[in-house]
Amino acid sequence: MDIGALLTSAGINVAICVVLLSLYSILRKQPSNVSVYFMRRLISEQIKPDHFGIERLVPSASWIVRAWQATNEDILAAGGVDALVFLRIVVFSIRIFIIAAMICVFLVLPVNYYGQEMEHKKIHAESLEVFTIGNVKEGSKWFWTHCLALYVISSSACVLLYFEYKSITKMRLAHITGSPVNPSHFTVLVRGIPWSRDHSYSKTVENFFSTYYPASYVSHQMVYRASRVDKLMKDAEKMYRVLKSIESQRKDSYMPCCLCGGTTHSFKALNIEAESVKSKTSGDGLQPSQREKLEKERPAAFVFFRTRYDAVVAAQVLLSSNPMLWVTQLAPEPNDVYWSNLSIPYKQVWLRKIATLLGAIVFMFVFLLPVTFVQGLTQLDQLRQTFPFLRGLLKHKFMNQLVTGYLPSVILMLFMYAVPPTMMLFSTIEGVVSRSERKRSACIKVLYFTIWNVFFVNVLSGSIIRQLNVFSSVRDIPTQLAKAVPTQATFFTTYVLTSGWASLSCEVIQLFPFFCNWFKRFILRKQEEPCSSTALTFPHHTEIPRLLLFGLLGFTCSIMAPLILPFLLVYFFLAFLVYRNQILNVYVPKYESGGLFWPIVHNTTIFSLVLTQVIALGVFGIKRSPVASGFTIPLIFLTLLFNEYCRQRFSPVFKRSPAQVLKEKDRQDENLGRAEEIYKLLQTAYCQFPLLSPDLTISQGPSTSQELSMPGNSGQNKDHESSKDPESPNPGNQLVKLNEK
């Protein structure tokens, strides 16, 4: 590939970005698109539509200014700690690649360009390979520049990683200490409850914790298998929303009836009185027959404790001599619970993990087919031999540049869109019990998948796919990488343009939600009110792997092919603005993990650094530079030593909560007399089948809340109170009466 093909790809992607960003600046000003581009603000605050003016039809950069001027406090208030941690990833990438671009573009790039005595062409006709380390002749004394650049980049990355890890650790501790009372801090999820012939699971839980935790155990709530109830409640909620929208439209149009002058159809949302519910049910919200068939107890329960410290101790201690029984963990937040997976027996979880691992591996190898096809497009000679009818078409210069510079990365990017949903499905089947854990699991799977298929398979496609004997000798892998990375750096540059720049433009314009909104409003004529249950959450499982993949490409190509660095910097700067805008306006946080994504980022960055150093070691060996090779080996061990220090110093905070902080919080609650408030909060926090959904309640009926039962009582909470879980897969239902006149 030459500079002309690269410029062709860059020109196409720049044009796409300019068109989509200009279109976004116009679409966001239209009142009909408020629910697409301002969903978070629409839920949290009132947005008044602007009066029509010519400025609504003119592109502007006002959203860029607002995104740039937003402070960390604004981001924290809008998206929480997870959103702020994500933006710290972008900031870290900008800082490290500014350093890398300065030293590599001004020091390494000239050495690569003049690495051999040759007659250079004009810049636009030059092959991109003359800008790579492959153009430097063997035994050159100038390899000390590459070694120096590698030391500067590695040391700078480690220093920045240390300060980021330290800052995010403080942020997480501040989140734990400064957060309001959270039911998950006092709750332990117990799975693998042993079955007893004499009494129910609920009685088993009560007896066990009343015996071994008599002073700290408060109460518990069982988990039920209720897929049918879940479906009925969802159908009831959907029916209510449809009837409500129809009623609002008819009120607006007001079509009178011929006889009585009223509206043609009307409905009333009936308030469900607590006493009437109690009289018709068996005390837990369902009739006895329904409870027997639909609410069968599962061997899982939420157990409530008096203090945070007691809950943490119970969650981390091995409760039984059999590790497969009485398995405990701190409960996720109520909005974060993935109820359907709680019914899975714990003994099946390890089998599910093995099955999903095998499925992910098979999917990774199946994906080799499109990657191999993409690599064939980058090799013109092979393409002409395989498809002789394309020889005439490829003689045209523009078509040549289009096929080699733009088309391969586009095809690979389109195939990559199927990866996140597939990995999310695997993570769901895996049996995780929280939505945030499912998203982290999917994030790791997507990350491994993209690193393998986008980097390793593309780099080694000419050797590993055709010469499988490379697997027989592990020591040959660094040499193979050293030979292949410089030659594939041009493809990675075009991939950054297509999958990076263009994807950010598609992210900000929200194509799928935009077309869905347009279809509902102008085709189906539906005017739905904004609801937090339908709002989008930030897609960490797709965006974090993309950022880390580009970081991997930047590190590995920094001294091999420095031309990629300016394009990466443009991507990270644009990502900084786009993601800040999306966090402030679009995505609604429904749960908080407290920055648990950062260890994934840290470990992947260390892996990228070590891989870069190993590839550089292989290149220096091939180029016969013993001095550079000798200085690279200590750098690898120093990087691994730094990673071990960070693992010992910061990583435990992301795995366990410090007892000192928990004791201090418990002491504050005791001094302020919050015990009764906490008990009442726990009573209604984890409700699997709420009778009323908060956003469906028209008028509140009498409160049915009672104080939690203490140890020695029934130990069972009311399972059907109003839930505060907007994302719960079991929303409440509402009795709706339809009167036809």
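Which way, left-handed or right-handed, does H20 pass H25 in their crossing? I started my notes there.

**Ground rules**

I am working on a predicted model, where local features need pLDDT of at least 70, side-chain atom pairs count only at pLDDT 80 or more, and totals for chains, interfaces and linings use all residues. Residues are numbered from 1 along each chain as its sequence is written, and side-chain values use heavy atoms, with hydrogens and water left out.

**Entry: H20 and H25**

I looked up the crossing, and H20 passes H25 in a right-handed one. Right-handed is when the near helix is turned clockwise from the far one by less than a right angle, and left-handed is when it is turned anticlockwise. Helices are DSSP runs (H or I, at least four residues), strands likewise (E, at least two), numbered from the N terminus. The angle between H20 and H25 is about 15°, and their axes lie 12 Å apart. I note that axes are lines fitted to C-alpha atoms, for helices over the stretch in contact, with angles running from 0 to 180 degrees between N-to-C directions. H20 and H25 are therefore roughly parallel to each other. The cut-offs are under 35 degrees for roughly parallel, over 145 for roughly antiparallel, 65 to 115 for roughly perpendicular, and oblique for the rest.

Next I listed the contact (heavy atoms within 4.5 Å). From H20 come Arg440, Ile444, Leu447, Ile451, Phe455 and Phe456, which meet Ile600, Thr604, Phe607, Leu611 and Ile615 of H25. By class, I find 9 nonpolar, 1 polar and 1 charged residue in the contact of H20 with H25. Here nonpolar is Ala, Val, Leu, Ile, Met, Phe, Trp, Tyr, Cys and Pro, charged is Asp, Glu, Lys and Arg, and polar is the others, Gly among them.

**Entry: two further helix pairs**

I turned to H6 (residues 143–178) and H26 (residues 626–649), whose axes come within 10 Å and cross at roughly 5°. H6 and H26 are therefore roughly parallel to each other. Their contact includes Phe143, Cys147 and Leu150 in H6, and Ala628, Phe631 and Thr632 in H26. It holds 15 nonpolar and 2 polar residues, with no charged ones.

For H5 and H24 (residues 564–585), I read a crossing of roughly 170°, with the axes coming within 9 Å. That makes H5 roughly antiparallel to H24. Their contact splits into 24 nonpolar, 2 polar and 2 charged residues.

**Entry: second largest pocket**

What volume does the second largest pocket have? I get about 1,500 Å³. On a 1 Å grid over the protein atoms alone, a pocket is an open set of points with protein on both sides within 12 Å along at least five of seven lines, a cavity is a set where a 1.4 Å probe fits but cannot get out, and lining residues have an atom within 4 Å of a point. Points are joined across faces, edges and corners, and a volume is the space filled by probe spheres set on them.

Of the 47 lining residues of this pocket, the closest to its centre are Arg172, Gln329, Leu330, Arg440 and Leu596. H20 gives the largest share, 5 residues. The lining has 20 nonpolar, 14 polar and 13 charged residues.

**Entry: cavities**

I count 6 cavities of 30 Å³ or more.

Phe92, Ser93, Leu548, Gly551 and Thr605 are the closest to its centre, of 14 lining residues. That lining has 9 nonpolar and 5 polar residues, but no charged ones.
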